[in-house]
Amino acid sequence: MVNLTIDGKQITTSKTSTIYEAAKENDIYIPVLCYAKKLLPYGACRVCLVEVEQMKGRLIPSCTTPVTEGMVVTTMSDEIKKVRKTVLEFLLVNHVVDCPVCDKGGECDLQDLTYEYEVVTSRFEGEKFDLPKDEANPFIERNMNRCVLCGKCVRVCDEVVGYGSYSFINRGFETKIATAFDRGLDCEFCGQCVSMCPVGALLPRPFKFKARPWQLKEVNSVCGYCGNGCTVTLGVKDNEVQTIRFNDETGVNDGNLCIRGRFGYSYVNSNKRLTKPLVRRDGVLKEASWDEAIQTAVQGFKDAGEQVGIISGARLTNEELFLVKNLSKALGTENLDHSGGECYKGVTEGLLETLGVRASTATFPLVEKANAILAIRSDFYETHPVFGMVVNQAIRRNEAKLSIIADKFGKLSKLPNARTLLHKPGLELNVLNALCHVIVEEGLAKTEGLNGLDELKAALKEYSAETVAELVGGDADAIKQTARELAGAENAAIMLAYGLPYTAYSKELAIAAANLALLTGIAGRQGSGLYLCGEKANSQGAIDLAILPGGKGMGAQQMLAAAGSGELKALYLVGEDPLVSYPNRSLVEKALEKSFLVVQDIFLSPSAQMADVVFPAASFAEKAGTFTNAERRIQQLHVGIKSPGEAKTDFAILQLLLKELGTSAPATPAEAFKSLAAETPGYEMVSLDMVGPQGYVWGGDNLEPELKQLVPVAGAQPLADKYQLLVGSALYHSGTLSTHAKGPNAAVAAPYIELGREDAAELQLVNDDMLKLKTVEGEIQAKVKVDRRLPKGVFFTPYHFAELELNKIYSGQPAIAVEPVKV
Amino acid sequence: MFKEFAKGLSITLKHLLPGNCTTVQYPKQKLEMSPRFRGLHRLVPTQHREKCVACYLCPTVCPAKCITVESAENEKGEKYPKVYEIDLLRCIFCGYCVEACPVEAIEMTDAYELANFKREDFNFDKERLLKS
Ligand code: SF4
Ligand code: SF4
Ligand code: SF4
Ligand code: SF4
Ligand code: SF4
Ligand code: FES
């Protein structure tokens with residue numbers, strides 16, 4: 001701790017603070033332009049100059065100067081004012097000042113400072129910038145004529161995002177911010193640079209000329225896409241979400257978002273949304289009243305007796321999931337499951353067997369302090385981009401050592417000093433076993449209190465780093481180093497993402513990851529953690545509330561099989577589109593065709609088109625409730641806009657169904673939360689007022705494992721086929737929902753098949769050629785994307801797009817043997 | 001005392017003489033308005049479009065909240081008011097909009113004969129304001 005005086009006020013602050021930070025903590029105002037809370041100090045603008053008694057004779061930039069004992073600081077004097085004013089005058093010399101047509105007007109730092117310091121005339125003359133503008137990019141509008149060269153965009157894209165789109169080019173008056181070769185922007189389009197820019201040089205293109213900032217109502221809610229659970233602040237006007245506003249005060253994401261959160265909101269305003277209930281009459285779906293739709297659905301369920309199955313999505317709120325559960329009770333069925341079933345169930349079962357918990361054992365911010373990080377699957381960044389940014393920050397700030405167990409290279413592999421443990425498709429387990437083997441062999445294991453060590457040791461015999469490296473086509477030394485780093489690190493993290501395209505070996509992977517977490521002591525140690533990150537916004541909530549088959553009940557896959565064979569008479573799909581996103585299309589198709597089908601969704605999805613009754617539901621922007629993110633953080637959603645037409649929230653629809661069935665339902669989401677908290681393990685002590693702006697992490701920052709049971713898992717064998725297809729997520733999309741949003745579609749609008757350069761050359765394919773992939777089950781075709789991240793013989797395709805009909809050949813296998821044919 | 005009385009009365013009588021009357025015979029006769037008179041608004045046109053760039057300052061400053069602006073992007077990528085409307089029944093003719101406009105796109109004319117028969121006729125849209 002350091003003592004100093006600022007403007008006559010005695011202040012005690014931490015010795016790592018800068019003068020600016022110390023002042024800010026104590027509500028003393030110092031203007032800044034190039035400073036940002038989440039970036040390293042830079043000192044580019046000199047707006048924050050102050051006087052320090054001990055450093056008389058010159059003014060000191062407060063944002064870069066660390067505090068020292070006994071410092072006496074003055075933040076305002078005639079001289080300071082004069083100098084700050086001069087700085088602004090200099091900035092305005094070349095600035096275009098087109099505030100009337102600049103969308104930053106009203107929240108522009110330069111504008112505000114100019115007003116504050118009454119810069120009405122300029123003593124200097126100079127030419128106004130006349131640089132080309134980029135207004136063609138669908139995400140980010142760049143007008144460098146308004147740039148003040150604060151470097152925030154350069155820094156955020158490097159320090160936080162780890163992409164490095166921008167840098168300063170040229171010198172002197174010619175200095176400007178440019179992309180590589182000064183071309184158009186081609187990046188992740190996360191928009192972090194837009195939110196950092198203090199002026200109107202970088203602006204969100206979709207929001208161009210839409211409104212002034214002061215006209216927008218800001219509503220804090222939680223992103224409805226992935227399990228990262230970022231806070232999104234909706235900018236609402238005219239009952240439409242106009243844009244997503246920057247907010248680094250609320251939530252866990254520090255104001256960082258990915259393309260989906262920042263630019264993927266437009267689907268809520270889409271005119272293709274369902275606005276009326278539909279009921280099938282004479283074979284055609286026709287608009288109907290709510291009464292009729294509810295009655296038809298309930299009659300259908302009643303006719304099916306106990307032969308009803310419920311499959312829910314994982315983007316429902318906890319309160320809605322609670323009602324789904326109540327509904328299953330009211331219908332007297334135990335056939336209840338969510339998103340994909342197998343995968344989610346497997347992961348949780350695996351964790352339960354080994355650690356006795358069903359969730360991540362630590363929180364995201366802890367990873368910033370980690371020394372060693374292991375990501376299982378390269379797609380981790382694609383499924384949870386903002387968590388990936390935390391990893392990047394750990395590497396840059398903390399020199400964390402990152403290893404990735406991956407079947408292909410990806411964003412994570414590009415981060416500084418990242419080590420990619422590349423393996424042939426489907427062999428993650430072998431590599432994990434090899435890591436455990438090294439730790440055990442070299443005596444690095446923290447064996448205290450572990451059960452089943454001997455069995456594990458015996459089973460690990462065949463998984464020496466060398467053997468595994470040879471089998472998976474990797475490097476034994478790399479495996480050993482990673483193992484040593486993980487075992488030796490003070491704080492370490494193991495991250496595993498799961499989701500619909502990653503169903504293979506899900507239970508085994510969870511066990512193998514847990515074994516490693518136990519041997520390294522990561523599970524349960526303060527500051528370290530094993531992270532299991534669900535693909536959807538409320539995947540964790542669905543697990544916590546046990547939206548899983550009960551006693552004799554069937555899981556999603558079994559339900560679909562049973563429905564196909566006529567055993568199950570009725571199916572209720574809540575916010576789920578299995579026809580597109582579940583493995584094994586023919587099975588799903590048959591099930592949906594044969595059963596009495598009720599679908600609840602916001603779009604007329606391919607599954608909904610086959611339904612007998614369709615309920616129009618509400619998007620995340622239209623409802624209140626809570627999501628639980630992948631680190632167990634319960635966070636509140638708030639209503640931003642009204643639902644279109646007669647669409648209702650899932651909560652309201654489920655209430656209607658429950659009432660029609662003659663059971664009572666909680667009147668409001670708040671009431672539902674009370675009831676669900678009472679009966680959900682971990683939630684017992686949580687009340688809604690505890691779920692503040694930062695949410696509430698149930699189980700605390702470090703969740704103590706209930707068990708420490710090592711369980712041997714067998715590795716897999718690689719496929720022998722020459723060409724293998726991997727299925728996964730693309731960065732720009734999440735589930736099937738994002739394919740209805742303009743933003744993600746502007747980046748990637750159609751399915752593609754990605755392959756490496758060698759394969760492309762061999763098959764004589766170039767970008768945008770049509771490629772057909774044949775298997776015994778069927779074939780798919782899509783445009784080719786040639787890239788450098790895939791090893792030879794490995795193809796990749798994202799699963800989000802309905803038109804690809806990927807599940808014709810995908811039935812949950814780790815890799816699909818394919819035969820490529822150029823069309 | 002009589003003298004003062006006569007003096008005063010003479011002024012009065014003088015004004016009764018033809019040509020000295022201050023009453024304006026409206027509507028036969030109309031006054032010339034001072035240049036700073038605040039009458040009906042006018043949107044200033046330029047060659048191709050309105051001068052207004054839809055900056056939203058006038059609807060923001062307007063104390064009667066009677067100006068509606070909706071901005072949009074035209075073919076050239078410029079910002080322009082897709083909608084510009086003034087509800088004259090609510091306008092209090094304070095002239096703040098004119099003062100706020102950064103590009104001198106809105107003025108107040110000397111037109112004060114604003115009576116009308118229908119409510120809708122008091123709604124001045126962009127086309128009308130450009131012609132006024
Ligand atoms: S960046 Fe700020 S000062 Fe510059 S034109 Fe835009 S609003 Fe005005
Ligand atoms: S959008 Fe994101 S990745 Fe692209 S330049 Fe900006 S910060 Fe970098
Ligand atoms: S573009 Fe914006 S953030 Fe980047 S240097 Fe210029 S003013 Fe700063
Ligand atoms: S999609 Fe996930 S990472 Fe992206 S903003 Fe939403 S919650 Fe955050
Ligand atoms: S202030 Fe001027 S430029 Fe701005 S909206 Fe009003 S008339 Fe148009
Ligand atoms: S804010 Fe300190 S130099 Fe820019």
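Mentor: A crossing of two helices is called left-handed if the near helix is turned anticlockwise from the far one by less than a right angle, and right-handed if it is turned clockwise. The model here is predicted. In it, the crossing of α8(A) and α25(A) is left-handed. Two packed helices are described by the angle between their axes and the distance between the axes. For helix α8 (residues 318–331) and helix α25 (residues 669–679), both of chain A, the angle is about 70 degrees and the axes are 9 Å apart. Angles of 65 to 115 degrees count as roughly perpendicular, and α8(A) and α25(A) are therefore roughly perpendicular to each other.

From α8(A), the contact is made by A:N318, A:E319, A:F322 and A:L323. From α25(A), the residues that meet them are A:P669, A:A672, A:F673, A:S675 and A:L676. Sorted by class, this contact has 6 nonpolar, 2 polar and 1 charged residues.

Next, the surroundings of ligand 2. The shell around ligand 2 consists of 14 residues, and the closest are A:C157, A:S165, A:C187, A:C190 and A:C193. Two elements of chain A, α4 (152–160) and α5 (192–196), each give two or more residues to this shell. By class, the shell has 10 nonpolar, 3 polar and 1 charged residues.

Last, the place where the chains meet. Chain A brings 7 residues to the contact and chain B brings 11 residues. On the side of chain A that touches chain B, 4 residues are nonpolar, 3 are charged and none is polar.

How values were computed
Residues numbered from 1 in each chain as written. Chains lettered and ligands numbered in written order. Predicted model: local features only at pLDDT ≥ 70, side-chain atom pairs only at ≥ 80, totals over all residues. Near = placed C-beta within 6 Å. Helix = DSSP H or I, 4+ residues; strand = E, 2+ residues; numbered from the N terminus. Nonpolar A, V, L, I, M, F, W, Y, C, P; charged D, E, K, R; others polar. Contact = placed C-beta atoms within 7 Å. Axes fitted to C-alpha atoms, helices over the stretch in contact; angles between N-to-C directions. Parallel < 35°, antiparallel > 145°, perpendicular 65-115°, else oblique.
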